[in-house]
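Let's take a friendly walk through a protein model together. Have a look at the sequence and the 3D picture, and then read on.

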Amino acid sequence: MLKRITIGGARRIAAAAVALAVVGGVTAVADAAAATDTAAALKDTAPFAVGAAIDQREVSGAVGDLVAAQFDQVTAENHMKPDAWYDANRVLRMHSQAAAIVDFAKNRGLEIYGHTLVWHAQTPKWFFQNSSGEALTTSQSDQDLLRERMRSHIFGVARLLSERAGLFGDGNPVTAFDVVNEVISDGPESDGLRRSEWYRILGEGFIDQAFRYADEAFNGLYAEPGAERPVKLFINDYNTELASKRSRYIALVDRLRARGVPIDGVGHQFHVRLTVPVSAMADAIDAFTTRGVTQAVTELDVPTGTPVTSSLLDAQGTYYRDAFAVFHARASALRSVTVWGVTDSRSWRAADGAPLLFFDDLSAKPALRGALAAAPVPPVELDVATRCVAGRVVLTATVWNTGSATAAITVSTPFGSRALTIAPGGRAAHAFSTRAVSIPAGAAHGTGLDLLAPLEASYAGASCS
Ligand code: XIL
C-alpha cells in the first residue's frame, strides 16, 4: 500500500511503492500528445542494446532526435543489402542512404547492426549469371566465380564502411552484421536449407564461406589491430518462433559450430502479430542459450490488424510489454533488440495495422509504454517535498538509486513527468511546478501516477500564498 503524503512535508517511500510511479503503465497514454514528454528512453531501460531500422528519412530533424534519444543502435532497413552497394554499371560504391546512416550513427554515438551481406533477395541478378547473362552452373569454374563475387562483395562492403567511419573497433559504429539472412527453408527439405541461387550453385558451404570472408574482412583486414572481434557475425531468420523452422535453424547452427565456422550470434526477426503467444519467442531464445552463441531480436514488429482501433492499440501495448518482459528475463542471452522501423506508416507492414512504437507525429504509442513498463523496476527510493514559489506550488521529487546498476526511471506526477538516469549510489531531483494555485480534484491521470495520487488528494482545494 502507498503511504499518504502531506503537503509541505517530505517523505521517503521505499522501492515497492515507487514501482507504481516509475515508467508508467500501458494505459497511461490516452493523451498521445502528452506522451512524448512523459516517455522515458527505451534505451535507458534495457540492459541489451535497443535498435531501430531506419533509412535517410530518420537521420535528421525531430525524428532523428527521437531515434538518437530512444535507441542505442540502428540498422539500415534497405541500404546495406547486397543490391544497394552497386550502381547500374555494377560498380561497387556506398549508397548515399547508407552513407547518411553511417554518418548519423557516428555523429550521434549510435552503433550500427549491419544488414545483410548474403541473401537470396535484394541481390543483383548478375551475381548468379555469367558474362552472357546465363545462369551459373555447378561447374568448378562457375562455383569459383560466384565464390569470388561473394568474397569481393564482403571485402568491398567492409572496405567502404571502414573508409567512411574508421577501422572496426576504432570508432567505426558497425559492431555487428547479419552475414547470411533467411537461409533456412520454410518446408521440410532434407537439410533444412532454402533452395536459393546461392545454395543451388555452391551448396551449404556458401554459408561457411560467407562467415569466413566476413571474419577476415570485418575482424581482420579492416579491423583495428588488436581489437578483439569488433564486429559480431550473425545468422538471421524469420519464423524462429515456430518449432519446425526453429529445429532446422538449430541444426544448421550446430553444424556450423562443429565445423569451426566463425559465427557469433543467432538472430530472430520476430515479425509477429497479436495472436502469436510471447512464449513462442521465449522458446526460440531459450533453444539457443546453451549453444555458445549470443542472440539478437533483429526485426521486431507487431501489427494490430485492421482497422486499427484504440482497443487494438492497447492490446498491442500489452503485447509489447509482455514481449519485452520475455527479453528482459533473457537479457544475458541477448545482445540487442531491434524494432523494424520507428513510426507506423513507414513500416513495411503498415497495411497490417500500426506495427511499431511511435505514431506518425512521433508521439509515443501504448506500444512504447508497454516496452518501457516491462523493465524491471530498479531499487530506488523517493522523497517528495513541496513548497510555495511566487504563489505556485512547486513539488520536488528526489530519487536515490540504492542499487548497483544505473537506474533509468520516470517520475510521473499530476503536473508532468520526468525521465531520470541515475548512477549507482547517486541521486537526481526534478522540480515540477503545478502551474495552478489549486489542483482540480479528480484530474485525469493514468496508472503511472498512482504513487502521487494521495498527494493530489491532499492538494485538492489547497492554496498557496
Ligand atoms: C524489408 C524492408 O523493410 C522493406 O522496405 C523492403 O521493401 C523489403 O525488405 N526480412 C528481412 C528484412 O530480413 O530485410 C526485410 O525488410 C523484412 C523481412
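Angles under 35 degrees count as roughly parallel, over 145 as roughly antiparallel, 65 to 115 as roughly perpendicular, and the rest as oblique. Axes are lines fitted to C-alpha atoms, for helices over the stretch in contact, and angles run from 0 to 180 degrees between N-to-C directions. Helices (H or I, at least four residues) and strands (E, at least two) are DSSP runs, numbered from the N terminus.

The model is predicted: local features need pLDDT of at least 70, side-chain atom pairs count only at pLDDT 80 or more, and totals for chains, interfaces and linings use all residues. Residues are numbered from 1 along each chain as its sequence is written, and side-chain values use heavy atoms, leaving out hydrogens and water.

**Confidence**

The predictor's confidence in each residue, from 0 to 100, is called pLDDT. Its mean over the protein chain is 86, with 84% of the residues at 70 or more. Over residues 1–38 the pLDDT is below 50, and over residues 437–451 it stays under 50. Where pLDDT is low, the predicted coordinates should not be read in detail.

**The barrel**

In the order β2-β3-β4-β5-β6-β7-β8-β9, 8 strands close into a barrel with parallel pairing (two strands pair if DSSP finds at least two bridges between them). On average, neighbouring strands of this sheet are turned by 25 degrees against each other, direction ignored. Strand β7 (residues 265–268) and strand β8 (residues 294–300) run parallel and are joined by 4 bridges; G265 has T294 in β8 as its bridge partner. Helix α4 (residues 96–108) packs on the sheet, touching β2, β3 and β4. Helix α5 (residues 140–165) also packs on the sheet, where it touches β4 and β5.

**Helix pairs**

Two packed helices are described by the angle between their axes and the distance between the axes.

| Pair | Angle | Axis distance |
|---|---|---|
| α10 and α11 | about 25 degrees | 7 Å |
| α5 and α7 | about 30 degrees | 9 Å |

How are α10 and α11 oriented, roughly parallel or roughly antiparallel? Their angle is about 25 degrees, and therefore α10 and α11 are roughly parallel to each other. Contact means heavy atoms within 4.5 Å. Residues of α10 including L313 and Y320 meet residues of α11, among them P366 and A371.

The helices α5 and α7 are therefore roughly parallel to each other as well. In α5, residues including M150 and F155 meet residues of α7, among them F206 and Y213.
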